[in-house]
Amino acid sequence: MLAMEYRGPKRVRAVQKPMPEIKHPEDAIVRVTRSCICGSDLHLYNGNVPDTRVGSTFGHEFVGEVVEIGPDVTNIKVGDNVIVPFNVSCGRCYFCQQGMFGNCHQANAMATAVGGIFGYSHTAGGFDGGQAEYARVPYANVGPTVIPPGMDLDDAVLLTDVVPTGYQAAEMAGIQKGDTVLVFGAGPVGIMAARCAWLFGAGRVIVLDKEDYRLEFVRNYAPCEAYNFEEIGDPVLFIKKQTDWLGADCVIDAVGAEAAGNVLQTITGRKTLLQAGSATALHWAINAVKKGGVVSIVGVYGPTDNLVPIGNAMNKGLTIRGNQTSVKRLLPRLIDHVQSGRLNPKALITHRLPMEEVADGYRLFSAKLDNCIKPILIPPTVTK
Amino acid sequence: MQTQRIDYTQINGWGVDADPENDPTYPMQHREDAPPRDIFYDRPPQQPITVEVLHSIERPDVTAVFGATLPPTGLSGVIRRFAFKYSENEYKHWLPLILADRVDVVEGVLKDLAHGHVPNIFAEKGYAVEWKYNRTAFVTKMATIVAVTVGTILLLNSGKDKKSKRK
């Protein structure tokens with residue numbers, strides 16, 4: 001089968017690989033029909049996640065048709081078209097029992113701090129991902145969810161990560177009616193977080209980024225106020241002025257390790273890997289939120305350390321919440337939002353590439369070329 | 001700078017998920033209605049361990065499922081095995097893994113060559129789209145790399161020439 005393959009920092013290619021096999025009685029094999037490149041895939045692409053082995057297939061956002069099931073799979077059947085949450089979760093461990101499907105304790109042998117994630121390095125379980133024609137899906141009774149009749153596959157594939165992560169970012173922000181919500185990052189997750197902030201009753205939503213085309217997009221899509229942080233001077237001071245000198249009630253970091261905007265963070269976090277990614281957005285988030293406010297982190301950082309003003313967090317009495325998204329927990333509500341028209345995920349998709357052109361897709365997304373917001377990959381076995 | 005306030009009353013779905021109790025600045029959690037949780041659960045059946053699986057020493061065993069397609073091999077594998085002797089709390093775990101990843105890249109190129117495949121770095125790096133959408137910056141970047149490389153080589157060679165003339 002055709003699959004994306006990682007060869008080293010900023011080097012990927014499409015190659016023929018062996019078909020995945022059932023390895024566990026609760027496995028399923030899925031023929032992928034849509035697969036996305038995620039902003040967090042860029043951390044892998046840039047070589048910033050430890051234990052990213054050459055030969056890995058990335059891809060944790062995919063939907064597809066079930067073509068084979070293990071003997072203990074009862075909740076889905078061959079022929080079902082399914083949304084595959086990006087988390088691998090057993091559904092029965094101490095954490096899954098609490099609805100923390102992103103923190104399953106039986107899905108990642110290699111690290112205890114992170115759950116199992118498809119196609120996200122051996123630090124997240126070593127599972128091959130869905131940027132391929134076929135994928136092995138463990139615990140198929142738990143994660144895969146049948147796509148409702150009539151739902152567009154483009155909407156469905158964004159329910160694997162982007163929509164739930166944006167939604168959970170807003171949920172974790174503890175938004176109260178009328179709150180001012182500040183979102184760092186106008187990538188797909190930041191855009192969705194800004195949109196979802198309204199669902200929780202925000203009174204004002206502000207997005208900061210440095211790419212004008214993305215700011216224009218989120219300004220229309222969310223809709224919201226959107227500013228280029230390179231044009232407003234000190235972004236924290238700007239937000240203080242915008243909020244009667246108090247700071248935003250809630251701040252969402254939807255950027256993570258690839259953040260721009262601070263030379264020291266860029267050199268130590270992105271160029272030399274002396275810290276686990278550039279923490280510029282998180283630094284600004286802590287300083288831009290009001291006293292007693294909430295910082296919600298869905299931007300992805302590596303497993304070592306980051307330079308952030310934690311003393312300010314303590315002095316300001318902040319609540320800091322973060323997590324990998326519990327996709328399965330949120331899917332019923334989000335499917336309803338999509339079907340009712342409150343959310344329109346597929347509008348985020350700007351580029352569709354055949355899987356053979358996966359290297360171009362990564363470069364396009366990584367370098368933000370051709371006004372790229374969200375690229376998806378179409379495997380050659382897909383005819384429509 | 002002029003701000004662009006949004007009239008949120010016109011937004012489809014505004015406030016439909018508002019939850020006054022989801023206010024983490026007042027950390028109250030009501031668990032009375034939650035189903036009981038058990039730390040001792042029915043562990044899923046174990047995926048047969050047919051390849052070497054390095055597992056975190058912060059857990060007693062390999063998880064019930066795991067990715068099995070890329071077991072550690074070569075020098076990078078030796079480094080990874082060393083890293084997994086230490087907990088996730090230690091730099092001795094993470095820094096060797098980063099080193100192993102870089103060694104793995106070199107091993108990957110060597111494996112390609114050993115199989116008679118010369119990696120197409122230009123294609124693997126997606127330079128075709130840089131050429132298409134970002135040509136000026138791409139040409140500048142490439143020219144800079146070439147200039148620095150040639151300059152370095154010339155500098156090193158001139159040093160050698162001076163040494164040989166002195167002899």
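This is a predicted model: local features need pLDDT of at least 70, side-chain atom pairs count only at pLDDT 80 or more; totals for chains, interfaces and linings use all residues.
Residues are numbered from 1 along each chain as its sequence is written, chains are lettered from A in the order in which they are written, and side-chain values use heavy atoms, with hydrogens and water left out.

**Domains of chain A**

Chain A is divided into domain 1 (2-161 + 326-378) and domain 2 (165-322), with bounds that come from an automatic or database domain assignment. Their C-alpha centres lie 25 Å apart. The contact between them takes 28 residues from domain 1 of chain A and 21 residues from domain 2 of chain A. In the area that domain 1 of chain A buries against domain 2 of chain A, A:His43, A:Leu348 and A:Ile373 supply 25%, more than any other three residues.

A salt bridge joins the side chains of A:Glu171 and A:Arg329 (2.8 Å, N to O). Helix H1 (41-45) and helix H10 (327-339) of chain A each supply at least two residues of the side of domain 1 that touches domain 2; the largest share, 5 residues, comes from H10(A). Helices are DSSP runs (H or I) of at least four residues, and strands (E) of at least two, numbered from the N terminus.

UniProt, in an unreviewed entry, places the feature "domain: Alcohol dehydrogenase-like C-terminal" at residues 188-268 of chain A; such annotations may be inferred rather than shown by experiment. Over residues 188-268 the chain is 44% helix and 20% strand.

**The two interfaces**

Buried area is the accessible area (1.4 Å probe) that two parts lose on being put together, summed over both. A salt bridge is a side-chain nitrogen of Lys or Arg within 4 Å of a carboxyl oxygen of Asp or Glu. A polar contact is a pair of N or O atoms within 3.5 Å; within protein, one must be able to donate a hydrogen and the other to accept it, and residues adjacent in sequence count only if both atoms are side-chain atoms.

| Interface | Buried area | Salt bridges | Residue pairs in polar contact (both at pLDDT 80 or more) |
|---|---|---|---|
| Domain 1 of chain A and domain 2 of chain A | about 2200 Å² | 1 salt bridge | 12 residue pairs |
| Chain A and chain B | about 6900 Å² | 7 salt bridges | 42 residue pairs |

Between the chains, A:Asp51 forms a salt bridge with B:Arg80, the closest N and O atoms being 2.9 Å apart.

Notes. Contact means heavy atoms within 4.5 Å.
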